[in-house]
Amino acid sequence: MAAADRPTILVTGGAGYIGSHVCKAVARAGYIPVTYDNLCAGHAWAVRWGPLEGGDLIDAGRLDEVMRQYKPAAVIHLAGLIVVSESVKDPAQYYLNNVNGSIGLLDAMRRNGVERIVFSSSAAVYGEPEITPMPETHPQQPLNPYGTSKLMIERVLQDYARAYNLHSVSLRYFNAAGADASGEIGEAHPVETHLIPLVLEAAAGKRHSVAIYGDDYPTRDGTCIRDYIHVSDLAEAHVLALRYLDNSVGAHAFNLGNGAGTTVREVIDVARRITGGTIPVRIEPPRPGDPAILLADPSRARRLLGWQPTQSGLEQMVSSAWDWHQRVPVPQQIMV
Ligand code: UFG
């Protein structure tokens with residue numbers, strides 16, 4: 001398709017870890033991804049499949065300008081703050097960026113006649129699991145302001161679908177992991193808090209050790225079980241969600257996980273095998289609000305979106321993250 005015939009998709013947060021993988025998938029599917037990002041956590045080097053437009057979500061004038069210029073067929077909204085512990089310490093930031101910012105974006109969509117949005121939500125909207133694996137109908141009682149901010153926008157989207165014909169898919173990510181197979185893009189957060197990159201930094205000798213937050217959980221080896229899903233599989237789900245919105249109205253939500261649980265120790269063991277590093281561990285107290293097991297029931301996304309993860313084996317996720325880690329432009333010495 002000639003560039004002029006390809007529909008554009010505005011991707012907020014397109015310079016981030018998940019956002020850059022989404023842009024690649026969206027471009028491969030025949031759209032032009034236009035990244036809207038303030039680069040507070042994303043990277044200009046990760047924007048490779050369409051233009052980068054700098055701007056904040058709370059800047060209504062800038063959003064109008066970009067929407068008028070590109071006339072997006074839809075928005076994929078990933079921009080937001082994502083560190084759970086930080087959201088507990090400084091909730092105002094999270095409500096300002098994730099809630100006010102998202103509402104500002106939705107209002108800009110209404111002003112500019114953009115009627116479809118795919119929203120980056122989170123398993124954090126559920127809180128403490130009452131059923132495992134968790135279906136989308138699981139009660140929603142978030143344990144922290146980050147999860148609350150995502151849930152608030154899911155609710156806003158329900159109201160906006162009814163009142164303004166603004167149709168949406170909320171994608172509830174479980175634990176994104178791994179990196180694009182090409183090695184072009186991968187995970188590079190300004191402050192790393194996620195297990196797999198921390199483990200790989202220890203394998204590379206950039207950290208002395210990795211903390212295991214709690215080894216006395218009621219799980220097979222005492223450490224927390226999470227549902228890791230390859231970031232490229234997550235990215236594909238956004239393309240499927242756009243297609244779903246071509247034929248559906250209303251506000252919809254889907255879990256994106258692979259339905260298989262992995263313990264913290266299992267992640268570390270696989271990483272030791274793949275990297276050849278010793279990866280010393282230290283046992284620390286559980287992080288407040290960390291449930292023992294967090295597992296998706298992903299059957300709804302499979303059934304209604306036709307989503308089929310293909311890269312989410314643990315070995316594949318850790319080895320693609322390791323390939324990326326060896327190229328990534330991060331400081332050589334972190335030493336914690
Ligand atoms: N963990 C450690 N040591 C570390 C870091 C993490 O033991 O140094 C453990 C955590 O306790 C948890 C698991 O590894 O059991 C995964 O932790 P991450 O920090 O990598 O990810 P979370 O499960 O805490 O968070 C993820 C997303 C959040 C989202 C949440 C949904 O990153 O955005 O899932 O519940 F909110």
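1. Leu171 is located in strand S6 of what is a predicted model. Its relative accessibility is 0%, and because buried means under 20%, Leu171 counts as buried.

2. Which residues does Leu171 touch, leaving aside those up to four places away in sequence? The contacts include Val118, Phe119, Ser120, Ser121 and Ser122, together with Ala237, His238, Ala241, Phe254, Leu256 and Leu305. Leu234 lies 63 residues from Leu171 in sequence, with a C-alpha to C-alpha separation of 9.0 Å.

3. Strand S6 (residues 167-173) runs parallel to strand S5 (residues 116-122), and seven bridges join the two. Within this pairing, Arg116 is opposite His167 of S6.

4. Both strands belong to an open sheet of seven strands, paired in parallel in the order S3-S2-S1-S4-S5-S6-S11. Strand S3 (52-54) and strand S11 (251-256) form the edges, each pairing on one side only. From one strand to the next, the twist averages 20 degrees.

5. Two helices may be described against this sheet. Helix H2 (residues 60-70) packs on it, with contacts to strand S1 (8-12), strand S2 (32-37), S3 and strand S4 (74-77); the direction of H2 makes about 155 degrees with that of S3. Helix H4 (residues 91-111) lies across S1, S4 and S5, and runs at about 170 degrees to S5.

6. On confidence, the protein chain has a mean pLDDT of 95, with 97% of its residues at 70 or more. Over residues 331-336, however, pLDDT stays under 50, and the model has 13 contacts beyond four places in sequence for this stretch.

Notes: Residues numbered from 1 in each chain as written. Predicted model: local features only at pLDDT ≥ 70, side-chain atom pairs only at ≥ 80, totals over all residues. Heavy atoms only, no water. Pairing = 2+ DSSP bridges. Helix = DSSP H or I, 4+ residues; strand = E, 2+ residues; numbered from the N terminus. Axes fitted to C-alpha atoms, helices over the stretch in contact; angles between N-to-C directions. Contact = heavy atoms within 4.5 Å. pLDDT = per-residue confidence, 0-100. Buried < 20%, exposed > 50% of the residue type's maximum accessible area, 1.4 Å probe, protein only.
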